[in-house]
Amino acid sequence: MRTYGQYCGIAKTLDTIGDRWTLLIVRELLALGPCRHTDLRNGLPGIASNLLVDRLRGLEEAGLIHREAAPPPVATALFSLTERGRELEPVLQELSRWGVPLLREPGGNDTFRTHWLDMPARALTDHRPDQPAIALQLHADGNEDLVIEVKDGSVHTHAGRVDHPTASLTGPPHLLAATLLGDLDLSAAEQQGLRLSGEREAVLRILPR
């Protein structure tokens, strides 16, 4: 195993999770929950199958993920984060926040999955916890949807759709990301092409102020 050989918390952490793709695997498991190998491949375009196997093995040996055999019809191994692995969530939140300036321009040929907005969405605040629960649906052009559920002051996310969202935001990834991260206010995002349907106040309830 490669190591920096330094008695330092940062160095020891990087010994464990500093390899290419490792933190992105953690990102996928935080956003999607238990995943099959094929689910992870879909969320990690560009990773070689054998490298994914190697990274999963390393995470398992480090006690950050565990695998279990799923019953039919899945009938394959499911990977999920351990409690120790879930402790990386605030680390990824800070990396996501630090990366806000890097998302100000459209991604060009970069690939995108809507559930990659899960991390900034988790950091949103319910400004009206006294109000009834709401469900917001995000749709990036050509991608799957992400649902943001807000109730009693808590914000939760999951991939997929809801039948009757309180409001929906649809548009290119860079506008969705800039709006969620507070880098662009809702009106400005709409002027640039973001589409809002449903209750405007429901969206404003959680956007950064």
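**Asp145 and its surroundings**

Reply: Skip the neighbours within four places in sequence, and Asp145 is in contact with Thr114, Gln137, Leu138, His139, Ala159, Gly160 and Arg161; contact here means heavy atoms within 4.5 Å. Two bits of housekeeping before going on. This is a predicted model, with local features needing pLDDT of at least 70 and side-chain atom pairs counting only at pLDDT 80 or more, while totals for chains, interfaces and linings use all residues. Residues are numbered from 1 along each chain as its sequence is written, and side-chain values use heavy atoms, with hydrogens and water left out.

Asp145 sits in strand β4, residues 145-151. Helices (H or I, at least four residues) and strands (E, at least two) are DSSP runs, numbered from the N terminus. Is Asp145 buried or exposed? Its relative accessibility is 5%, so Asp145 counts as buried; the cut-offs are under 20% relative accessible area for buried, over 50% for exposed and partly exposed in between, using a 1.4 Å probe and protein chains only. Its side chain also makes a polar contact of 3.1 Å with the side chain of Gln137. That term covers a pair of N or O atoms within 3.5 Å; within protein, one must be able to donate a hydrogen and the other to accept it, and residues adjacent in sequence count only if both atoms are side-chain atoms.

Follow β4 onwards and you reach the loop between β4 and β5 (154-159), where Asp152 is found. Asp152 is exposed, with a relative accessible area of 58%. Its phi is near 50°, a positive value in a residue other than glycine. For background, most residues other than glycine have a negative phi.

β4 also takes us to helix α8 (residues 173-180): the buried residues of α8 pack against β4, as well as β3 (134-140), β6 (167-171) and α9 (186-191). Six of the eight residues of α8 are buried, so this helix is largely enclosed by the rest of the structure. The buried ones are Leu175, Leu176, Ala177, Ala178, Thr179 and Leu180. Pro172 lies in the loop between β6 and α8 and, with 23% relative accessibility, counts as partly exposed. The C-alpha atoms of Pro172 and Gly193 are 8.0 Å apart, although 21 residues separate the two in sequence. Just after α8, Gly182 takes a positive phi of about 80°.

In α6 (residues 89-98), Glu89, Leu92, Gln93 and Ser96 are buried. They cover an arc of only 105° around the axis, which puts them on the same side of α6; the arc is taken from the directions from the helix axis to the C-beta atoms. An α-helix has 3.6 residues a turn, so residues three or four places apart point the same way. The buried residues of α6 pack against α2 (22-32), α5 and α7 (118-122).

How do α2 and α6 meet? Their axes are 11 Å apart and they pack at an angle of about 105°; axes are lines fitted to C-alpha atoms, for helices over the stretch in contact, and angles run from 0 to 180 degrees between N-to-C directions. That makes α2 and α6 roughly perpendicular to each other, with angles under 35 degrees counting as roughly parallel, over 145 as roughly antiparallel, 65 to 115 as roughly perpendicular and the rest as oblique. Leu23, Val26, Arg27 and Leu30 of α2 make the contact with Glu89, Leu92 and Leu95 of α6.

Gly85 touches Val26 and Leu64, leaving out residues up to four places away in sequence. The C-alpha atoms of Gly85 and Val26 are separated by 7.5 Å, while the two are 59 residues apart along the chain. Gly85 is buried, with a relative accessible area of 0%.

Back in α2, Glu28 has its place in that helix. Glu28 is buried, with a relative accessible area of 0%. Beyond four places in sequence, its contacts are Gly33, Cys35, Leu40, Gly43, Leu44, His115 and Trp116.

The buried residues of α1 pack against α2 as well. Between these two helices, the loop holds Trp21, which is buried with a relative accessible area of 13%. Trp21 has a phi near 85°, positive in a residue other than glycine.
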